Amino acid sequence: MGGDDDIPHGQLPVPAQVTGNVWKILVEEGDRIEVGQVVVIVESMKMEMEIRSPVAGTVSSLRCQQGRTVQAGQVVALLEEI
């Protein structure tokens with residue numbers, strides 16, 4: 001799980017919109033996903049916040065772990081656009 005500054009060329013980041021605890025990861029590496037599909041659910045201030053994919057693509061890398069904290073703007077997954 002590298003930093004946000006080491007995004008490989010051609011990969012699209014899926015950032016967290018809020019700081020919180022990763023409650024559930026709903027995709028796996030290699031999954032094909034659609035625009036707007038929920039990738040991760042983050043618990044923040046006792047609310048569940050859905051992090052959705054901005055594009056259709058294939059999940060090339062997950063950069064978060066269930067039960068761990070993510071910061072607002074942190075990349076939680078990388079996608080290869082289709």
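**Close-up 1. Surroundings of Val40 in the predicted model.** Setting aside neighbours within four places in sequence, Val40 is in contact with Val22, Lys24, Ile25, Met49, Glu50, Ile51, Cys64 and Val76. The structure shown here and in the other views is a predicted model. Val40 also belongs to the largest nonpolar core, which has 17 residues, and is listed with Ile51, Val70 and Val76 as having the most contacts inside that core. At least two residues of this core come from each of β4, β6 and β8 (75–81).

**Close-up 2. The hairpin of β4 and β5.** Strand β4 (residues 38–44) pairs with strand β5 (residues 47–52) in the antiparallel sense, and 6 bridges are found between the two. Among the residues that take part, Glu43 has Glu48 in β5 as its bridge partner. The hairpin has 2 residues between the strands, and in it Met45 takes a positive phi near 55°.

Close-up 3. An open sheet is formed by 4 strands in the order β1-β8-β6-β3, with antiparallel pairing. Because β1 and β3 (32–33) stand at the edges and each has a single partner strand, one side of each is left without a neighbour in the sheet.

**Close-up 4. Gln11 in strand β1.** Gln11 lies in strand β1, which covers residues 11–15. With a relative accessible area of 15%, Gln11 falls under the 20% cut-off and therefore counts as buried. The side chain of Gln11 is joined to that of Ser60 by a polar contact of 2.2 Å. When neighbours within four places in sequence are left aside, the residues in contact with Gln11 are Ser60, Leu78, Leu79 and Glu80.

**Close-up 5. Arg63 in the loop between β6 and β7.** Arg63 is found in the loop that lies between β6 and β7 (69–70). Is this arginine buried or exposed? Arg63 is buried, because its relative accessible area of 7% is under the 20% cut-off. A polar contact of 3.1 Å links the side chain of Arg63 with the side chain of Asp6.

Terms used: Residues numbered from 1 in each chain as written. Predicted model: local features only at pLDDT ≥ 70, side-chain atom pairs only at ≥ 80, totals over all residues. Heavy atoms only, no water. Buried < 20%, exposed > 50% of the residue type's maximum accessible area, 1.4 Å probe, protein only. Polar contact = N/O pair within 3.5 Å; in protein donor to acceptor, adjacent residues only side chain to side chain. Contact = heavy atoms within 4.5 Å. Pairing = 2+ DSSP bridges. Core = buried A, V, L, I, M, F, W, Y, C linked by side-chain atoms within 4.5 Å.
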